[in-house]
Amino acid sequence: MSNGTEQKSIVERLQFIDRRIIFVFIGLAVVIPLLFGVSLEEETTPIVQRLFDFVDALPEESRVLLSFDYGPTTAPEIQPMMDAILRQCAERKAKLYMMAVWATGHNLTGETIAKILNPEYPEYQYGIDYVNLGYKAGNQGLIRLLYVDFKRMYSTDAAGTAIDSIPMMENINSLKNFDLIISFGGGFPGIKEWILYAGDPGKIPVGGGCTAVSAPLLYPYYPNQLVGLLGGAKGAAEYEAALLKAYPKFRGRKMAGMSLMMSQTVAHLVIMLFILFGNTLYFLLRASGKGRS
Amino acid sequence: METKWRLAAIVIALVMILAPALPAQDEGEMADSMPAEIQMEPPPAPELVLGEDVPNDGGHKLKLTWGYPAEWSDSVARFLIFRGDAPDGEFKSLGEAARGVTTYLDIGSKIKDNSDYMANDHDFYYKVIAVANNGTESEPAIGGPFQTSGQWFHWGKVPVLVGVVLFGFFTVLFINAARKGKELFVRPLAGIEAVDEAIGRATEMGKPILYVLGIGTAADIATIASFTILGRVAKKVAEYQTDLIVPCYEPIVMSVAQDVVKSAYMEAGRPDQYSDDQVFFVTNAQFAYVAGVNGIMVRDLPATNFYLGYFAAESLILAETGNSIGAIQIAGTDQITQIPFFVVACDYTLIGEELYAASAYLGRDPLLLGSLKAEDWGKGILMVLMAVGVLATAFGWNAIRELVRVIL
Amino acid sequence: MNGKQAASYVVLAIVIVAFAVSIVLKGLLVTVGAFLTLFIFSFLYKDNPYYKFAEHLFVGVSAAYWMCMGFWGTMVPNLFGKLYPPMVGPVMPALKDNAAEPFMLIPLILGILLLLRLSSSVGWISRWALAFIVGTTAGLNLIRYLRSDFIQQINNTTFSLYATGATGFNLGETLSNIAIFVSVMTGLIYFFFSKEHKGAFGVGARTGIIVLMVTFGASFGYTVMARISLLVGRMQFLFGDWLGMMQ
Amino acid sequence: MIVFLVSLFMVVQYYVPLDSWAWMYQYLIDWTIIIGVFALLLGIWSLWRVNFNKIKQRAENWEYAVITLAGLLIMMIVGFVPGWGNLNNYVYEHFFYYILVPIQATMFSLLAFFISSAAFRAFRARSLLATLLLFAGLVIMIRFVPMGQVSSYISDLSGWILRVPNLAAKRAIIIGIGLGAIATAFKIMFGIERAYLGRD
């Protein structure tokens with residue numbers, strides 16, 4: 001560091017730029033794309049595309065289990081994935097079974113049904129085309145029990161209706177009766193537990209959507225134990241892109257993952273530019289022989 | 001005397017850990033398995049009902065298996081399973097198994113008052129009925145008696161036990177070697193060597209030192225390691241007559257930290273300078289705690305910040321705020337996800353195991369140094385085993401590979 | 001009154017007016033949430049009275065919140081409810097008829113012992129309670145740790161180096177597997193404390209720290225996304241829920 | 001001695017699947033949670049004392065100590081008054097959702113800013129290690145920038161970094177921590193490590 005009294009060069013002063021300037025840029029980078037709703041179509045990577053293709057190849061009336069294993073704090077990242085996959089399943093006319101191994105997932109299930117499924121797919125009837133089974137305690141133990149005997153744990157749905165009076169539950173005795181299980185969350189319990197206690201023993205296809213932070217821990221399960229994995233906002237945006245490609249009718253609708261992704265891209269760019277800027281200054285200083293610190 | 005007592009304690013501990021393993025074969029009752037009677041009617045009844053106690057558990061669980069002719073398996077939709085106390089008595093419906101599945105895991109309740117309670121060491125009979133696609137039911141096949149029982153020892157966990165005992169043995173060995181005055185080398189850790197300098201700097205500047213124990217409980221290993229370091233730091237601080245601020249997240253951690261700091265001040269001969277207001281509770285909500293500590297930082301402007309213990313997302317908020325006030329920062333945690341942030345934003349970072357080792361470094365206590373040596377041996381042995389395992393797999397020496405697998 | 005003070009009064013006036021307007025237009029609850037959000041963000045500029053306000057409020061309210069949670073969630077159902085069930089009858093009728101469990105006297109006594117540390121003369125007794133808690137939970141943590149991560153990770157490391165794909169031998173994967181194995185080994189070497197990092201051993205340790213640094217850089221870069229998402233969530237609240245500027 | 005016995009029990013119970021042991025185990029856990037609530041009282045007392053002293057001595061920023069205590073008291077009253085006092089209490093819940101949740105979420109989101117400033121400051125190519133840190137960080141971040149053909153190469157590379165060095169380093173750290181944890185547990189059981197009792 002130079003000794004304060006001597007006049008510092010501009011380059012030298014810029015190197016210790018006030019961090020508040022960075023803060024302003026980051027704030028703007030996030031807010032502007034959100035306000036203007038700009039979105040960016042992503043190239044879909046194989047790990048995401050494979051799940052999309054799997055869902056798209058499901059015959060009509062396939063049974064899909066959606067497990068809401070997340071809470072409000074991670075909802076900004078996870079909810080867009082849920083919305084996209086839900087839409088696709090509904091397009092495929094799949095039977096939707098919704099449940100949660102996280103207590104916080106219960107409210108989100110209700111919200112998702114009210115916000116997406118009911119208004120966009122009014123032909124979906126409760127008990128025949130979809131069911132909300134709600135949350136049950138027990139973590140991985142719950143999954144193990146569901147694998148052995150589904151109705152023993154779920155003797156009613158979330159509203160308290162006896163399970164035997166729900167038509168679409170008639171042939172569900174074990175997790176093995178499902179054609180696909182998708183867990184959204186990635187914390188504990190979550191995708192990993194679904195793989196270990198349901199997917200692996202029963203050879204049931206398991207897919208997942210998780211936060212960016214937990215994605216690296218789950219990558220090792222792809223492709224053998226996971227059909228596909230959506231990691232963070234990027235995964236959600238990629239899935240939405242695949243959805244738009246296959247179902248052009250969704251164009252024009254606001255895709256939460258994509259606009260989130262636009263904010264992400266701009267913010268990442270800003271950070272990287274600052275890093276490059278910092279390094280340029282550093283090398284300039286070193287070249288002029290003052291940069292030894 | 002002291003030594004003898006300690007050795008005795010160790011021996012007792014080992015015996016107690018091992019003891020449950022010894023009587024396992026005598027007392028652990030294996031469940032009877034007896035063939036069931038065979039009955040044939042279209043659709044044919046299941047052939048042979050076998051019940052087995054599930055091993056390595058507390059009982060109340062029984063695995064039922066039956067046979068079924070392959071040529072019929074497509075025309076049978078499911079099997080119904082019942083349980084009763086006598087072959088000719090009443091049977092209670094348990095559930096069903098899907099097409100093609102010929103096993104059923106009966107998990108009874110462990111609680112006596114529950115309707116599905118399943119007593120241990122009690123004779124049970126099972127009835128299995130095949131249901132054809134058209135709904136007609138077969139004659140029942142009955143099997144029994146079967147029993148479930150709790151075992152005294154979980155055999156699946158033997159390798160872990162062996163490892164732990166072996167490791168304990170090393171620890172004892174090296175601690176004894178260290179006690180006999182054998183000089184043990186330890187490599188320098190930059191973060192630890194900086195501690196003295198950091199305290200000295202705060203003293204020169206006349207500013208306080210902030211010590212954050214993280215958001216773990218008093219039982220997290222990271223917190224326990226941090227207590228020891230806190231003791232050393234507090235002692236130095238007391239000698240230099242600098243201020244020490246320890247805001248706490250968890251009340252039990254606070255209580256322990258108060259004791260630690262108080263006795264450090266006593267050791268330094270300045271008990272009068274200690275006050276419970278130095279080590280205080282903020283709140284045990286993660287981000288409220290961070291908000292509070294941030295406030296302390298920007299208002300009291302400590303010259304040195306220690307972040308040692310269990311940290312989650314707050315690590316970077318603390319470290320960046322600390323950096324903005326120009327404090328020297330020494331961090332350490334065993335939370336892998338947070339290490340990168342400390343590495344980036346702090347001057348010195350103790351990575352994972354280094355945090356645990358730090359207490360030994362600061363004290364130069366032969367006992368603690370001895371256990372470090374034991375850890376290294378543990379690592380060495382694991383490395384050798386892993387290498388042998390990988391080589392064995394690579395060259396197809398299956399026997400060795402299996403051996404390694406059992407050990408690991 | 002100097003200029004600085006005048007400016008701070010102007011800011012205060014603006015905040016109060018904006019707060020009032022917002023209450024009228026958007027209702028109390030969202031307004032409170034939004035202003036507290038802004039107060040916290042103001043810390044990014046510098047420490048200021050608004051941040052101090054939010055910070056102190058947060059500390060007080062959260063401490064009380066957890067106390068209440070502990071009381072109603074643990075003390076009432078699990079201590080009082082088990083010691084003398086009729087006592088909790090009025091608030092938690094479901095527990096009224098449970099059988100009393102005299103064992104629960106033990107934590108009550110230990111808890112009271114713990115509180116004795118407030119007294120300077122018998123404060124030493126509280127160490128028993130501390131010892132109990134630390135002992136129990138330390139044992140528990142250790143077991144949990146062993147069971148989950150430790151053994152699992154060791155097992156995972158003994159895998160086959162050869163990787164075969166659909167077309168037989170897969171060179172890329174095999175090289176990756178070898179890299180993983182070597183990296184784990186050198187990483188462990190780095191953590192050796194009782195051997196000097198010299199010679200071949202030093203090379204290993206040096207490789208280990210290189211691997212660690214790459215990992216830290218990657219984790220850091222990876223986490224940026226999650227943190228930006230959090231900020232997006234707050235901005236959605238401010239600009240969407242509060243100001244109504246997003247569709 | 002208490003610690004020794006109790007922690008020994010916890011270790012032994014791992015190996016013994018019997019019912020009675022499992023019950024004991026459950027009891028012990030229940031107890032520690034209950035004692036934890038008592039400890040919370042100690043915490044509240046400490047918080048009260050520190051802030052009360054501040055007000056009494058008119059220390060710097062004492063006005064804010066009043067806010068802390070007021071928040072504490074109001075929330076306590078709202079939370080404890082019988083009849084109001086269950087977890088579905090309306091006022092209590094609103095305090096939670098409209099005061100605690102927004103502040104908490106905002107504190108958390110400050111990280112977006114801090115992670116940027118930390119990156120700017122620390123990601124400089126000063127030494128080999130710092131350069132590696134910088135390089136790995138950039139590779140991971142750059143995958144967000146759409147760049148056509150190059151993108152797929154970048155995503156392969158970042159995937160490889162996450163899958164190979166990342167996995168390996170984490171394993172090494174976890175194994176090290178595991179051994180350290182066992183060693184510490186031994187030290188506690190045998191009374192070598194006693195700092196947590198205020199003795200050294």
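Let's start with A:R152, which counts as partly exposed because its relative accessibility is 35%; buried means under 20% relative accessible area, exposed means over 50%, and partly exposed lies in between (1.4 Å probe, protein chains only). A:R152 lies in helix α7 of chain A, residues 150–153. Helices here are DSSP runs of H or I with at least four residues, strands are runs of E with at least two, and both are numbered from the N terminus. Go 21 residues along the chain and you have the pair A:R152 and A:N173, whose C-alpha atoms are separated by 8.9 Å.

Before going on, a word about the model: it is predicted, so local features need pLDDT of at least 70 and side-chain atom pairs count only at pLDDT 80 or more, while totals for chains, interfaces and linings use all residues. Residues are numbered from 1 along each chain as its sequence is written, chains are lettered from A and ligands numbered from 1 in the order in which they are written, and side-chain values use heavy atoms, with hydrogens and water left out.

Now step back to chain A as a whole. It has eleven helices and six strands, and its C-alpha trace spans about 85 × 40 × 30 Å along its principal axes. Of its 293 residues, 55% count as buried. Contact means heavy atoms within 4.5 Å. Take the contacts in chain A with a separation of 6 or more, and 75% of them come from residues 24 or more positions apart.

Among chain C contacts between residues at least 6 apart in sequence, 26% join residues at least 24 apart.

How do helices pack within chain A? Two packed helices are described by the angle between their axes and the distance between the axes. Helix α4 (residues 75–91) and helix α10 (residues 232–246) of chain A pack at an angle of about 25°, with their axes 8 Å apart. Axes are lines fitted to C-alpha atoms, for helices over the stretch in contact, and angles run from 0 to 180 degrees between N-to-C directions. That angle makes α4(A) roughly parallel to α10(A), since angles under 35 degrees count as roughly parallel, over 145 as roughly antiparallel, 65 to 115 as roughly perpendicular and the rest as oblique. The crossing of α4(A) past α10(A) is left-handed: the near helix is turned anticlockwise from the far one by less than a right angle, whereas clockwise would be right-handed. Residues of α4(A) that meet α10(A) include A:P80, A:M81 and A:A84, and among those on the α10(A) side are A:A236, A:Y239 and A:L243.

Another helix pair joins two chains. Helix α11 (residues 256–287) of chain A packs with helix α7 (residues 199–242) of chain C at an angle of about 125°, their axes 10 Å apart. That makes α11(A) oblique to α7(C), and α11(A) passes α7(C) in a right-handed crossing. On the chain A side the residues that meet α7(C) include A:L260, A:A267 and A:I271, and on the chain C side C:V224, C:I228 and C:V232 are among them.

Chain C meets chain D too. D:S109 lies in helix α4 of chain D, residues 90–122, and counts as buried because its relative accessibility is 0%. Leaving aside neighbours within four places in sequence, D:S109 is in contact with C:F41, C:L230, C:L231 and C:R234.

Next, the aromatic rings. A search of the whole structure finds 35 aromatic pairs over all chains. Rings of Phe, Tyr and Trp (its six-membered ring) pair if their centres lie within 6.5 Å; planes under 30 degrees apart count as stacked, over 60 as edge-to-face and the rest as tilted. The rings of C:F71 and C:F80 have centres 6.4 Å apart and planes at 65°, so this pair is edge-to-face. C:F71 is partly exposed at 21% relative accessible area, and C:F80 is partly exposed at 22%. Elsewhere in chain C, ring pairs link C:F19, C:F35, C:F39, C:Y50, C:F53 and C:W242 into a cluster.
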